[in-house]
Amino acid sequence: MQTRRLGRSDLEVGRIAYGCWRLAGGVDEARAKVETALDLGMTLIDTADIYGDRRPVGHGAAEELLGRVLAADRGLRDRMVLATKGGIVRGVPYDSSPGYLRDACEASLRRLGVDVIDLYQVHRPDLLAHPADVAATLLELRDAGKVRELGVSNYSPARHAALQRHLGDVALATTQPELSLLHLDPIDDGTLDGAMADDVTPLAWSPLAGGRIATGDAPPELVTRLDELAEREGASRAAVALAWVLAHPAGVIPIVGTQRLDRIADAATATSVHLSRTDWYALTAAAGRDLP
Ligand SMILES: NC(=O)c1ccc[n+]([C@@H]2O[C@H](COP(=O)([O-])OP(=O)(O)OC[C@H]3O[C@@H](n4cnc5c(N)ncnc54)[C@H](OP(=O)(O)O)[C@@H]3O)[C@@H](O)[C@H]2O)c1
């Protein structure tokens, strides 16, 4: 799989990433998913301290499971760029205060069983945290060698710019918005434009809209277009939808979240799907977006 650099950093990752929001099951099962992704070149593995939250096991469960996978095969850590996030707290709901972020990062390191997190992302903006304080905490974590690179998720372009201003020379490497054919806002709200202006790599979460695009729970015209292109390309509907994300000039990295090994493999085929300019605009229009 082709690779690309995360922002201006030295971290190089495959064009498609694997996400651990839904990661569940036993260690062997989870390890098979992570290994399958890595074998296919999906070298960015994205998780968060809050993942696992939707299951009875609670906060930290997905990181703990990934930590057990990494402990089961020590070689895996070196094959991946490990990304996690902090800043969501159930019932609060957001906390990016210095004390909280420091502790959250330490807890992630402990659960994952690693010395350093390659990409540490603020999961959601905390409206009560001044960007100067968030920046100071992130820089402290970086200076202490606990995290290598910094990113944000669900940040508006203005919030991204405010945080970047206080980070000075240390450039945010990534921004992680929700982006798919059923969630087109980042294309028009300045998120992808800002990323291109500043050499920040966008990571698209839920690139299949949590599966709705693959299962056809989408506008009928969009499903028809996707299926026509899938037939022409000899690919799946999901692969065409991921190819649409890949085609944007911002160099977006879709983070896929399937728990099925065959579907992880299918996602990787998206890099071979060729969408022309006409195809891309036709899909965007079929998704209901008025073109500028
Ligand atoms: N930053 C944030 O706030 C945020 C929020 C959400 C997610 N994320 C990140 O984004 C990652 C991906 O999110 P996601 O899991 O919602 O992504 P997704 O790839 O859009 O959706 C995956 C879901 O679609 C289902 N699906 C149905 N048919 C499929 C097919 N043909 N191919 C693939 N999947 C199919 C999967 O079920 P099966 O497992 O049965 O295949 C799975 O439940 C997460 O793991 C996380 O890293 C970040």
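I started at G86, which stands opposite V122 in β6. The model I am reading is a predicted one.

Next I looked up the strands around that position. Strand β5 covers residues 81–86 and strand β6 covers residues 117–122. I find the two paired in the parallel sense, over four bridges.

Eight strands close into a barrel, and I noted their order as β3-β4-β5-β6-β7-β8-β9-β10, with parallel pairing. From one strand to the next the twist averages 30 degrees.

I turned to helices α4 (residues 98–112) and α5 (residues 131–143). Their axes come within 9 Å and cross at roughly 30 degrees. I logged the crossing of α4 and α5 as right-handed.

I listed the residues in that contact. On the α4 side they are P98, L101, R102 and C105. They meet D133, V134, T137, L138, E140 and L141 in α5. I sorted the residues of the contact of α4 with α5 into six nonpolar, one polar and three charged.

My last stop was T258. I located T258 in the loop between β10 (253–256) and α12 (261–268). What does the side chain of T258 reach? I find the backbone nitrogen of R260, at 3.0 Å. Leaving out residues up to four places away in sequence, I recorded Y18, R263 and I264 as touched by T258.

Terms used. Residues are numbered from 1 along each chain as its sequence is written. This is a predicted model: local features need pLDDT of at least 70, side-chain atom pairs count only at pLDDT 80 or more; totals for chains, interfaces and linings use all residues. Side-chain values use heavy atoms; hydrogens and water are left out. Two strands pair if DSSP finds at least two bridges between them. Axes are lines fitted to C-alpha atoms, for helices over the stretch in contact, and angles run from 0 to 180 degrees between N-to-C directions. A polar contact is a pair of N or O atoms within 3.5 Å; within protein, one must be able to donate a hydrogen and the other to accept it, and residues adjacent in sequence count only if both atoms are side-chain atoms. Contact means heavy atoms within 4.5 Å. A crossing is left-handed if the near helix is turned anticlockwise from the far one by less than a right angle, and right-handed if clockwise. Ala, Val, Leu, Ile, Met, Phe, Trp, Tyr, Cys and Pro count as nonpolar, Asp, Glu, Lys and Arg as charged, and the others, Gly among them, as polar.
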